[in-house]
Amino acid sequence: MNAGKLKIVLLGPPGAGKGTQGDRLVVDCGIPKYATGDILRDAVRSGTALGLEAKQYMDAGELVPDEVVLGMVREVLASPESRNGFILDGFPRTLAQAEGLDTLLADEGFKLDAVLYLGVPDEELVRRLAGRRVCPGCGAVYNVHTSASAAKGTCDSCGGALEIRDDDKEDVVRNRLRVYSENTEPLLDWYRTSPTTLHELAAVGTVDEIYSELLDLVGCS
Ligand code: AP5
């Protein structure tokens, strides 16, 4: 894959490690990451109209309506930073979003280099999400099982108090996994038969092991 101006999608179930791996690619590939979940959580925190609309869906583990998310992605793809490449994390998540993305890319004169799918079994996803702790201040992500902060409950980077994401509660996680299998998993077949290259990784093992496979695929260093 040509590392310059790389345009990729990170696809995978909740807790697969899209955010964790995407943040590393941002550094090594020098391109921005657009995570629809992060954009929506920022809007919820800021209390904007978008945030107020999105919150009800996010709290229940349901998907925010396609037209809302497509509007957000249209905006970020039109930004000057996107000319140098980008990582889409958590988008697309429905067939309508995947088709909408194709239109948005064509409008901007872009072509996706690859879709990177991170596959993880459900029981491991549940374990990762139950152990996730996030810093609302700086956005750092930890895991009590595999990457705990040095001082329990405190962010290593900014000293903020760590939190459990509202949608990481057990019943909401179960619904997110159901919503994923009904709405997002079908995208795998869609990309298998589309001209865009799909790389399917078994994303189990350490973060470093999985990242090393991803780096080999995308060619940044
Ligand atoms: P979003 O924020 O996108 O959540 P998600 O896709 O469910 O993904 P997560 O952030 O939970 O997981 P991740 O894959 O990034 O894993 P992470 O790296 O953090 O979406 C939230 C909500 O917003 C949705 O439910 C929906 O309502 C809405 N939304 C967002 N996008 C939308 C869209 N396009 N359309 C409609 N609605 C949308 O890792 C998880 C944990 O595991 C961490 O603690 C991490 O440290 C740990 N970990 C990572 N890798 C490993 C490893 N290899 N081994 C052990 N632990 C690991």
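**Exercise 1. Is Gly-22 buried, partly exposed or exposed, and what is its relative accessible area?**

Before we start: this is a predicted model, where local features need pLDDT of at least 70, side-chain atom pairs count only at pLDDT 80 or more, and totals for chains, interfaces and linings use all residues. Residues are numbered from 1 along each chain as its sequence is written, and side-chain values use heavy atoms, with hydrogens and water left out.

*Solution.* 
- Step 1: find the residue. Gly-22 sits in helix 1; helices (H or I, at least four residues) and strands (E, at least two) are DSSP runs, numbered from the N terminus.
- Step 2: check the cover. Gly-22 has a relative accessible area of 0%, so it's buried. Buried means under 20% relative accessible area, exposed over 50%, and partly exposed in between (1.4 Å probe, protein chains only).
- Step 3: list the partners. Not counting residues up to four places away in sequence, Gly-22 touches Leu-10, Gly-17, Lys-33 and Ile-87, where contact means heavy atoms within 4.5 Å.
- Step 4: look further along the chain. Leu-214 is 192 residues from Gly-22 in sequence, yet their C-alpha atoms are 9.8 Å apart.

**Exercise 2. Work out what surrounds the ligand.**

*Solution.* 
- Step 1: count the shell. There are 36 residues around the ligand, and the closest are Thr-20, Thr-36, Glu-62, Arg-132 and Arg-176. To be near, a residue needs a heavy atom within 4 Å.
- Step 2: sort them. The shell splits into 14 nonpolar, 13 polar and nine charged residues. Here Ala, Val, Leu, Ile, Met, Phe, Trp, Tyr, Cys and Pro count as nonpolar, Asp, Glu, Lys and Arg as charged, and the others, Gly among them, as polar.
- Step 3: trace the elements. Helix 1 (18-29), helix 2 (36-46), helix 6, strand 6 (141-143) and helix 9 (207-218) each supply at least two shell residues. Helix 2 gives the most, with four.
- Step 4: Backbone N or O atoms lie 3.0 Å from a ligand oxygen at Gly-17 and 2.9 Å from a ligand oxygen at Tyr-142. A polar side-chain atom of Thr-146 is 3.4 Å from a ligand nitrogen.
- Step 5: check the cover. The protein covers 96% of the 1000 Å² of accessible area that the ligand has on its own (Shrake-Rupley method, 1.4 Å probe).

**Exercise 3. Describe helix 7 and its cover.**

*Solution.* 
- Step 1: get the span. Helix 7 (residues 170-184) has 15 residues and reaches 20 Å from first C-alpha to last, close to the 21 Å expected at 1.5 Å a residue. That expected span is 1.5 Å times one less than the number of residues.
- Step 2: find the buried residues. Among them are Val-172, Val-173, Arg-176, Leu-177 and Tyr-180.
- Step 3: see what covers them. The cover includes strand 1 (7-11), helix 3 (49-60), strand 4 (114-119) and helix 8 (186-192).

Key:
A polar contact is a pair of N or O atoms within 3.5 Å; within protein, one must be able to donate a hydrogen and the other to accept it, and residues adjacent in sequence count only if both atoms are side-chain atoms.
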